[in-house]
Amino acid sequence: MSHSSNGKASRRLRLFKRREDDLLERSIRSCPGCDADVHVFADVCRHCGGALEIALAG
């Protein structure tokens, strides 16, 4: 008898709750000039052309 037929294998794989990856959320910030979404390493906003400061992790 295979393990998949009794369901025990699938229960063992679900020991840890999967979290959604927030990499995209961490990679995007708002432009202070036009409030558009910009990449965290951008130095100029593509939408309004405003200068952006690159925030350093402290």
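How many disulfides does the structure hold? The structure, a predicted model, holds zero disulfides. The legends below take up the fold, the cysteines, the core, a helix residue and a charged pair.

**Figure 1. Overview of the protein chain and its elements.** The predicted model has three helices and two strands in its protein chain. Read from the N terminus, these elements follow the order α-α-α-β-β. Of the 58 residues in the chain, 12% are buried. The chain exposes about 5,800 Å², and carbon and sulfur atoms supply 53% of that area. Among contacts with a separation of 6 or more, 7% join residues 24 or more positions apart.

Figure 2. A disulfide is a covalent bond between the sulfur atoms of two cysteines. The structure holds zero disulfides. Cys 45 is in no disulfide, and its nearest cysteine sulfur, that of Cys 34, is 3.7 Å away. For Cys 48, the closest cysteine sulfur belongs to Cys 31; because the two sulfur atoms are 3.8 Å apart, they are too far from each other for a bond. Cys 45 is buried, with a relative accessible area of 3%, whereas Cys 48 is partly exposed at 42% relative accessibility.

**Figure 3. The largest nonpolar core, with Cys 45 as one of its members.** Nonpolar side chains tend to be buried together in soluble globular proteins. Here the largest nonpolar core consists of five residues: Cys 31, Val 38, Ala 42, Cys 45 and Leu 52. When residues up to four places away in sequence are not counted, Cys 45 touches Cys 31, Cys 34, Val 38, Gly 50 and Leu 52.

**Figure 4. Ser 27 in helix H3.** Helix H3 spans residues 23-27 and includes Ser 27. Ser 27 counts as buried because its relative accessible area is 18%, under the 20% cut-off. Apart from neighbours within four places in sequence, Ser 27 is in contact with Val 38, His 39 and Val 40. Val 38 also belongs to the largest nonpolar core.

**Figure 5. The salt bridge between Arg 26 and Asp 22.** Side chains of opposite charge can pair when their charged atoms come close. In this model the count comes to one salt bridge. The side chains of Arg 26 and Asp 22 meet in a salt bridge, with an N to O distance of 3.1 Å. Arg 26 is exposed, with a relative accessible area of 52%, while Asp 22 is partly exposed, with a value of 35%.

How values were computed:
Residues are numbered from 1 along each chain as its sequence is written. This is a predicted model: local features need pLDDT of at least 70, side-chain atom pairs count only at pLDDT 80 or more; totals for chains, interfaces and linings use all residues. Side-chain values use heavy atoms; hydrogens and water are left out. A nonpolar core is a set of buried Ala, Val, Leu, Ile, Met, Phe, Trp, Tyr and Cys residues joined through side-chain atoms within 4.5 Å. Buried means under 20% relative accessible area, exposed over 50%, partly exposed in between (1.4 Å probe, protein chains only). Contact means heavy atoms within 4.5 Å. A disulfide is a pair of cysteine sulfur atoms within 2.5 Å. Helices (H or I, at least four residues) and strands (E, at least two) are DSSP runs, numbered from the N terminus. Accessible areas come from the Shrake-Rupley method with a 1.4 Å probe; for residues, only the protein chains shown count as cover. A salt bridge is a side-chain nitrogen of Lys or Arg within 4 Å of a carboxyl oxygen of Asp or Glu.
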